[in-house]
Amino acid sequence: MPNGVSSYRRKLEPLCAKIGRARVDQVVHAFYAKLRTDPVLHGYFDGITDLSEHEALIADFWWVAMGGIVAQPRQFDMLGRHRTLGLTPVVFERWLALFGDTLAIYLPPDLAAQWLQMAAGIGANLQNQMPK
């Protein structure tokens, strides 16, 4: 090879391709089933009138966050949606713990860890932007 350039080409595979859309939908659905019965978190979800639409929105959010493309792009206003809820560090910790538990059930450890790392970063960013 000229100039020491290798012919090796790295194939980039986004997390969405490794997990698959059906699995993303499955994880989101199972997670929301846990949220609705959790003693700490259920109250934040009691007012959602169309849970299947909400789950579809959240699944699309994760799919796009992991590098996927959706047929009909949506607006995701995470801060706007969560700003007035009075979320505390305890709520964020519980949310992340339940999400991690759900991921561990449905994904191999390496993929669960990657998705959980994304969730932790998004949660931390959201928490940092919450009104004090």
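How many helices and how many strands does the chain have? It has six helices and zero strands. Helices (H or I, at least four residues) and strands (E, at least two) are DSSP runs, numbered from the N terminus. Along the sequence the pattern reads α-α-α-α-α-α. The C-alpha trace spans about 60 × 35 × 30 Å along its principal axes.

Some ground rules. This is a predicted model, where local features need pLDDT of at least 70, side-chain atom pairs count only at pLDDT 80 or more, and totals for chains, interfaces and linings use all residues. Residues are numbered from 1 along each chain as its sequence is written, and side-chain values use heavy atoms, with hydrogens and water left out.

Now the packing. Axes are lines fitted to C-alpha atoms, for helices over the stretch in contact, and angles run from 0 to 180 degrees between N-to-C directions. Angles under 35 degrees count as roughly parallel, over 145 as roughly antiparallel, 65 to 115 as roughly perpendicular, and the rest as oblique. Contact means heavy atoms within 4.5 Å.

Take H5 and H6. Their axes come within 10 Å and cross at roughly 165 degrees. H5 and H6 are therefore roughly antiparallel to each other. The crossing of H5 and H6 is right-handed: the near helix is turned clockwise from the far one, by less than a right angle. On the H5 side, the contact includes Phe92, Trp95 and Phe99. From H6, the contact residues include Trp115, Leu116 and Leu126. By class, that contact has 13 nonpolar, three polar and no charged residues. Here Ala, Val, Leu, Ile, Met, Phe, Trp, Tyr, Cys and Pro count as nonpolar, Asp, Glu, Lys and Arg as charged, and the others, Gly among them, as polar.

Next, H2 (residues 21-37) on H5 (residues 89-106). The angle is about 135 degrees, with the axes 9 Å apart. So H2 and H5 are oblique to each other. H2 passes H5 in a right-handed crossing. Among the contact residues are Arg23, Phe31 and Lys34 of H2, and Trp95, Asp101 and Tyr106 of H5. The classes here are 10 nonpolar, two polar and three charged.

Phe61, Trp62 and Ala65 of H3 meet Trp115, Met118, Ala119 and Ile122 of H6. That contact has seven nonpolar, no polar and no charged residues.

Last, the pocket. How much space lies in the largest pocket? About 740 Å³. A pocket is an open set of points on a 1 Å grid over the protein atoms alone, where a 1.4 Å probe fits, with protein on both sides within 12 Å along at least five of seven lines; lining residues have an atom within 4 Å of a point. Grid points are joined across faces, edges and corners, and the volume is the space filled by probe spheres set on the points.

Of the 30 lining residues, Tyr32, Phe45, His54, Ile58 and His82 are the closest to the centre. H3 gives the most to the lining, with six residues. By class, the lining has 20 nonpolar, five polar and five charged residues.
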